[in-house]
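Notes below, in the order I looked.

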Amino acid sequence: MTTRIRLPLQKVATETYPLERWPEVASSHIVGIQDRTLSPEWSRRATRERLGVEPIEISAGHCPYPISPCGACRRTLHFGPGRIGSGLPP
């Protein structure tokens, strides 16, 4: 059992993903400003650098969906077809 679990994980950790660049799709990232697992500062910087958008910040911890499902949902619904990372709706 251990061998079956370990081998796929080693493969995932050592292989290079074949995608040469990220596809042109709408991207967003929600940052929980009370996150104690990943620092909000790092999450903000990584969102800007990797996705090229401003992060959406909500008052939540590492898993905002169970704590603030309506707030997280309202913010992610804003990103529909053709709308790329422009922030919150008015």
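Predicted model: local features only at pLDDT ≥ 70, side-chain atom pairs only at ≥ 80, totals over all residues.

Started with Arg44. Its relative accessible area is 19%, so I file Arg44 as buried, the cut-off being under 20%.

Who does Arg44 meet in a salt bridge? I found Glu57, with an N to O distance of 2.6 Å between the side chains. The two come from distant parts of the chain: Arg44 belongs to helix H2 (residues 40-51), Glu57 to strand S2 (residues 56-58), and 13 residues separate them. Glu57 comes out at 36% relative accessibility, so I have Glu57 down as partly exposed.

Next I went through the other salt bridges. I count four by the rule used here. One of them pairs Arg45 with Glu49 at 3.9 Å, N to O. That distance falls inside the 4 Å limit for a salt bridge. Why are these two about one helical turn apart? Because they are four residues apart in helix H2. On accessibility, I get 42% for Arg45, which means partly exposed, and 58% for Glu49, which means exposed.

Another bridge I looked up joins Arg48 and Glu54, whose closest N and O atoms lie 3.0 Å apart. Arg48 has a relative accessible area of 40%, so Arg48 goes in the partly exposed column. I also checked for shared partners: Glu41, Arg44 and Glu57 are joined by salt bridges into one network. So buried Arg44 is a member of that network.

Then the surface. Which residues make up the nonpolar patch? I list Tyr17, Leu19, Trp22, Val25 and Leu51, together showing about 540 Å² of accessible area.

Last, the whole chain. I count four helices and two strands, and going along the sequence I read the pattern α-β-α-β-α-α. Of the 90 residues, 23% are buried. I get about 7200 Å² for the accessible surface of the chain, with 57% of that belonging to carbon and sulfur atoms. For contacts with a separation of 6 or more, I noted that 53% are between residues 24 or more positions apart.

Key. Residues numbered from 1 in each chain as written. Heavy atoms only, no water. Patch = residues over 30% accessible without salt bridge, like charges linked within 9 Å, V, L, I, M, F, W, Y side chains within 5 Å. Areas by Shrake-Rupley, 256 points an atom, 1.4 Å probe, with all protein chains shown as cover. Buried < 20%, exposed > 50% of the residue type's maximum accessible area, 1.4 Å probe, protein only. Contact = heavy atoms within 4.5 Å.
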